[in-house]
Amino acid sequence: IEGEGEFIDELPDMVNYLKTWERDGRRFLGAIMPESGRIVWGPVVGVLAGNWPSLLRRSFGPFLSDGDGSLRYPIAFAVGPDGRFYILDGANYRVVVFDEQGEYITQWGTRGNGPGQFNLGSGEERTDTFVFKSLSGDITVDDEGFVYVVDHDNLRVQKFAP
């Protein structure tokens with residue numbers, strides 16, 4: 001991010017993941033707020049000034065469920081060369097894919113230790129919320145569109161074709 005910040009207001013929820021990336025000569029900044037099932041992002045132009053809500057004006061979520069295209073506790077994301085968002089949904093043990101407009105494309109993965117399955121940690125149910133003891137993992141996409149997922153508790157990195 002170029003320039004100096006003047007004032008950054010706080011986001012409404014806890015942020016556990018922050019990422020910058022470039023696409024088509026533009027810089028972007030994104031943040032995950034896992035407890036509310038949201039990802040906020042936006043372009044960074046020139047000097048970073050203003051507050052978080054005005055800078056990060058695009059979002060995915062909240063989609064707090066286990067249904068298709070939903071996010072229950074996102075823990076990481078990557079942006080592919082085609083602009084698609086690949087989101088590692090920790091509580092649902094899967095990858096969920098959206099286009100830049102936030103339209104759901106596909107998803108894959110379940111909890112387990114086989115191919116295409118993930119073990120990203122554990123949590124416990126408490127009344128109407130899900131409290132997470134330990135969820136970790138990461139995701140990235142290379143220039144050719146291959147997706148790599150750090151499957152933390154299975155001690156491996158899985159590679160998926162574009």
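A residue is called buried here when its relative accessible area is under 20%. Tyr17 has a relative accessible area of 15%, so it counts as buried. With that cut-off in hand, welcome to this structure, which is a predicted model.

## The chain as a whole

Let us begin with the overall make-up. The chain holds 1 helix and 15 strands. Of its 162 residues, 41% are buried. The chain exposes about 8600 Å², and carbon and sulfur atoms supply 46% of that area. Among contacts with a separation of 6 or more, 44% join residues 24 or more positions apart.

Tyr17 sits in strand E1. In sequence, Tyr17 and Ile75 are 58 residues apart, yet their C-alpha atoms are 6.9 Å apart in space. Setting aside residues up to four places away in sequence, Tyr17 touches Gly30, Ala31, Ile32, Ile75, Ala76, Phe77, Asp138 and Ile139.

Beyond its neighbours within four places in sequence, Phe77 is in contact with Tyr17, Lys19, Trp21, Gly30, Ala31, Ile32, Ile39, Phe85, Tyr86, Ile87 and Ile139.

## The largest nonpolar core

Which residues have the most contacts inside the largest nonpolar core? They are Phe77, Leu88, Val95, Ile139 and Val149, in a core of 31 residues. Two or more residues of this core come from each of these strands: E1 (17-23), E2 (26-33), E3 (38-44), E5 (74-79), E6 (85-89), E7 (94-98), E13 (138-141) and E14. The most is given by E5, with 5 residues.

Val149 belongs to strand E14, which covers residues 147-151. Val149 counts as buried because its relative accessibility is 0%.

Val95 is found in strand E7. With a relative accessible area of 0%, Val95 is buried as well. Leaving out neighbours within four places in sequence, the contacts of Val95 are Tyr86, Ile87, Leu88, Thr106, Gln107, Trp108, Phe118, Ile139 and Val149.

| Pair | Apart in sequence | C-alpha to C-alpha distance |
|---|---|---|
| Tyr17 and Ile75 | 58 residues | 6.9 Å |
| Val95 and Val147 | 52 residues | 9.7 Å |
| Val149 and Ile139 | 10 residues | 4.5 Å |

## The hairpin of E2 and E3

Now for a pair of strands. E2 and E3 run antiparallel and are joined by 7 bridges. Across this pairing, Met33 stands opposite Arg38 in E3. The hairpin has 4 residues between its strands, and Gly37 takes a positive phi near 65° there.

Why is E3 described as largely enclosed by the rest of the structure? The reason is that 6 of its 7 residues are buried.

## Two exposed residues in loops

Asp24 is not a glycine, but its phi is positive, at about 55°. Asp24 lies in the loop between E1 and E2. Is Asp24 buried or exposed? It counts as exposed, because its relative accessibility is 68%.

Leu155 also has a positive phi of about 55° without being a glycine. The loop that holds Leu155 runs between E14 and strand E15 (156-160). Leu155 counts as exposed too, with a relative accessibility of 78%.

## Empty space inside

Rolling a probe the size of a water molecule over the atoms shows where empty space is left. How many cavities of 30 Å³ or more does a search of the whole structure find? The search finds 2. The second largest cavity contains about 30 Å³ of space. Its lining is made up of Trp21, Arg23, Phe28, Trp41, Val79, Gly83, Phe85 and Glu100.

Note on methods. Residues numbered from 1 in each chain as written. Predicted model: local features only at pLDDT ≥ 70, side-chain atom pairs only at ≥ 80, totals over all residues. Heavy atoms only, no water. Buried < 20%, exposed > 50% of the residue type's maximum accessible area, 1.4 Å probe, protein only. Contact = heavy atoms within 4.5 Å. Areas by Shrake-Rupley, 256 points an atom, 1.4 Å probe, with all protein chains shown as cover. Core = buried A, V, L, I, M, F, W, Y, C linked by side-chain atoms within 4.5 Å. Pairing = 2+ DSSP bridges. 1 Å grid on protein atoms, 1.4 Å probe; cavity = no way out; pocket = protein on both sides within 12 Å on 5 of 7 lines; lining within 4 Å. Points joined across faces, edges and corners; volume = space filled by probe spheres on them.
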